[in-house]
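Dear colleague,

Please find below the structure that I am handing over to you. My findings follow after it.

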Amino acid sequence: MPPAPLTLILNADVHAPEPLGLCSLLLGGGRVLWLGEGRPQLDARLMVAQVDLQGRPLVPGLIDGHAHLTGGGGESGFASKVPAPMLTAYTLAGVTSVIGVLGTDDCTRSSAELLARTRALVEEGLSAWCLTGGYHVPPVTVTGSVRGDIVHVDRIIGLGELALSDHRSSQPTLDELLRLASDVHVAGLMTGKGGALHLHLGDGERGLALVREALALSELPARCFHPTHVNRREALFVEALAHAAAGGVIDLTAVEGDDDDEAGITAAAGFIRYQDAGLPLERLTISSDCGGCLPRFDAEGRVVHMEVGRSASLLACLRDLLGQGVALTDALAPFTSNVARHWRLPGKGRIAVGQDADLLAFGTGMGVSDLWAGGQRLVEDGCAVVKGRFET
Ligand SMILES: [Zn+2]
């Protein structure tokens with residue numbers, strides 16, 4: 001990536017996510033250098049790219065906190081392994097930051113491969129981190145230990161997605177869960193990284209029982225346990241609300257075209273129920289499962305149907321929320337500031353002077369019009385002007 005040019009964005013209706021009104025922004029060196037009404041005094045000799053948004057909304061670039069950067073799947077034979085999503089799978093969905101995970105297949109896929117794909121996306125202009133491990137115990141790692149991975153490897157910020165209450169899990173015991181959570185917690189303290197255990201929750205009736213036991217028995221804070229897919233089943237969702245009430249952060253999975261016809265709850269419906277329950281909004285995140293397979297199993301555990309997650313489901317969920325009367329500021333938080341706060345991502349999730357210039361401008365119908373990542377314009381008028389190396 002060449003250095004990002006100085007860019008002046010005019011007439012942006014800024015939601016940071018809180019509403020700041022009509023503003024102009026000066027971007028340089030990958031950050032927001034100036035933000036305010038009118039336009040800043042600039043030396044005429046400076047080369048400045050200028051973009052007039054004509055009053056359209058400008059929000060922080062979305063953070064997809066659960067994406068299978070290497071591709072996931074592989075639950076229905078080797079041919080069902082999902083290929084790695086390319087750069088524009090994220091940028092055309094309004095995403096400027098991703099957190100990568102391994103899932104069921106942490107055997108033919110490795111933490112090293114995930115780390116390499118994370119670095120590749122950084123080279124291509126995105127911000128990217130990943131978690132060590134995968135569904136299983138003992139977790140696959142790069143350095144030989146979970147704590148070592150988080151402490152020594154810049155891009156690794158936590159552990160997951162470790163599977164609980166799922167026929168694909170390692171059936172981890174309470175002691176195993178406690179040991180892993182404590183490793184992740186201590187590594188987070190040592191490094192200032194998110195240091196959380198991102199837990200894949202399956203359809204099993206045990207739900208979050210093991211997490212409750214772990215919290216009751218240990219001194220670990222609730223934030224260490226970050227359960228995802230908690231909207232897949234009504235009873236699990238109710239347990240997740242209790243986890244958030246106890247100080248935990250919970251993650252909903254947004255699925256495109258999800259119309260509530262299964263036992264699950266759409267991410268938008270889950271958001272509204274969470275809000276109606278009066279719980280602190282900052283403890284809610286929403287991710288897409290991009291690149292992961294979204295299978296349905298029969299009673300014998302065979303895949304009978306499979307779709308692939310896409311980051312585009314985040315904006316679909318956002319539009320759904322707006323359509324149901326949720327304010328843009330509130331609707332944005334689980335995709336932006338909340339994810340950045342939970343995973344302690346410096347410079348991310350908010351628009352302010354000194355923050356990274358990761359910005360999403362909406363067009364008609366709240367579609368992606370323009371996207372800047374680290375001050376680089378990757379999407380212009382709805383078209384990807386920067387593509388991944390192997391994209392045509
Ligand atoms: Zn999962």
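**Findings: the parallel sheet and its surroundings**

Thr132 has Leu159 of strand 9 as its bridge partner. The model is predicted, with local features requiring pLDDT of at least 70 and side-chain atom pairs counting only at pLDDT 80 or more, while totals for chains, interfaces and linings use all residues. Residues are numbered from 1 along each chain as its sequence is written.

Strand 8 (residues 127-132) and strand 9 (residues 156-164) pair in the parallel sense over 3 bridges; pairing requires at least two DSSP bridges between two strands. Strands (E, at least two residues) and helices (H or I, at least four) are DSSP runs numbered from the N terminus.

An open sheet of 6 strands, paired in parallel, has the order 6-7-8-9-10-11. Strand 6 (62-67) and strand 11 (225-228) each have a single partner strand, so one side of each lacks a neighbour in the sheet. From one strand to the next, the twist averages 30 degrees.

Helix 2 (residues 111-123) lies across strand 7 (95-100), strand 8 and strand 9, at about 170 degrees to strand 8. Helix 4 (residues 174-191) lies across strand 9, strand 10 (197-201) and strand 11, at about 160 degrees to strand 9. Axes are lines fitted to C-alpha atoms, for helices over the stretch in contact (C-beta atoms, placed from the backbone, within 7 Å), and angles run from 0 to 180 degrees between N-to-C directions.

In total, the protein has 10 helices and 19 strands.

Yours sincerely

Definitions and conventions:
Contact = placed C-beta atoms within 7 Å.
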